[in-house]
Amino acid sequence: RVEPFVLTLESGANSGIHTMVHTGHEFVFCLRGQLEYQVEDEFYNLGPGDSLIFSAHLRHRWRNTGSTVCNTLFLLSGFAEGEHPLKMHMSKKKGEKAEAE
């Protein structure tokens, strides 16, 4: 199972106050803007051309820390049948919207 998608994130958009966990692996590639990714207790600041890969069973969440739109490529792989990790990665805060393309 592989689920690729690009998110367009407005400034301040995030995945919510709670971390997420799912099966499989997650690859993140920042195309434009700034993205902060938290994996467990580590924080990674991604800019254009930066990437991150990790086991998705680790607690994680993200947010656009920049003042401009951020475009990020996500590749979710190896998740369990019936699991829908894409839905977990959509913005939930202050009505800000993350759009999957």
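## Confidence of the model

pLDDT is the predictor's confidence in each residue, on a scale from 0 to 100. This is a predicted model: local features need pLDDT of at least 70, side-chain atom pairs count only at pLDDT 80 or more, and totals for chains, interfaces and linings use all residues. Residues are numbered from 1 along each chain as its sequence is written, and side-chain values use heavy atoms, with hydrogens and water left out.

The protein chain has an average pLDDT of 84. Of its residues, 78% score at least 70. Among the elements, strand β4 (residues 42–46) has the highest mean pLDDT, 98. Strand β8 (residues 98–100) has the lowest, 48. Strands here are DSSP runs of E, at least two residues long, and helices are runs of H or I, at least four, numbered from the N terminus. Over residues 91–101 the pLDDT is below 50. Beyond near neighbours in sequence, this stretch still has 32 contacts in the model (heavy atoms within 4.5 Å). Where pLDDT is low, the predicted coordinates should not be read in detail.

## Nonpolar core

The largest nonpolar core holds 17 residues. Such a core is a set of buried Ala, Val, Leu, Ile, Met, Phe, Trp, Tyr and Cys residues joined through side-chain atoms within 4.5 Å. Buried means under 20% relative accessible area, exposed over 50%, and partly exposed in between (1.4 Å probe, protein chains only). Leu9, Val28, Leu35, Tyr37, Trp62 and Phe74 have the most contacts inside the core. At least two core residues come from each of β1, β2, β3 (35–39), β5 (51–55) and β7 (70–77).

## Cysteines

The whole structure contains zero disulfides (pairs of cysteine sulfur atoms within 2.5 Å). The closest cysteine sulfur to that of Cys30 is in Cys70, 4.1 Å away, which is too far for a bond.

## Two loop residues

Ser15 sits in the loop between β1 (2–9) and β2 (25–32). Ser15 is buried, at 1% relative accessibility. A polar atom of the Ser15 side chain lies 3.0 Å from the backbone nitrogen of Trp62.

Glu40 is in the loop between β3 and β4. Its phi is near 55 degrees, a positive value in a residue other than glycine. Glu40 is partly exposed, at 27% relative accessibility.

Methods
Polar contact = N/O pair within 3.5 Å; in protein donor to acceptor, adjacent residues only side chain to side chain.
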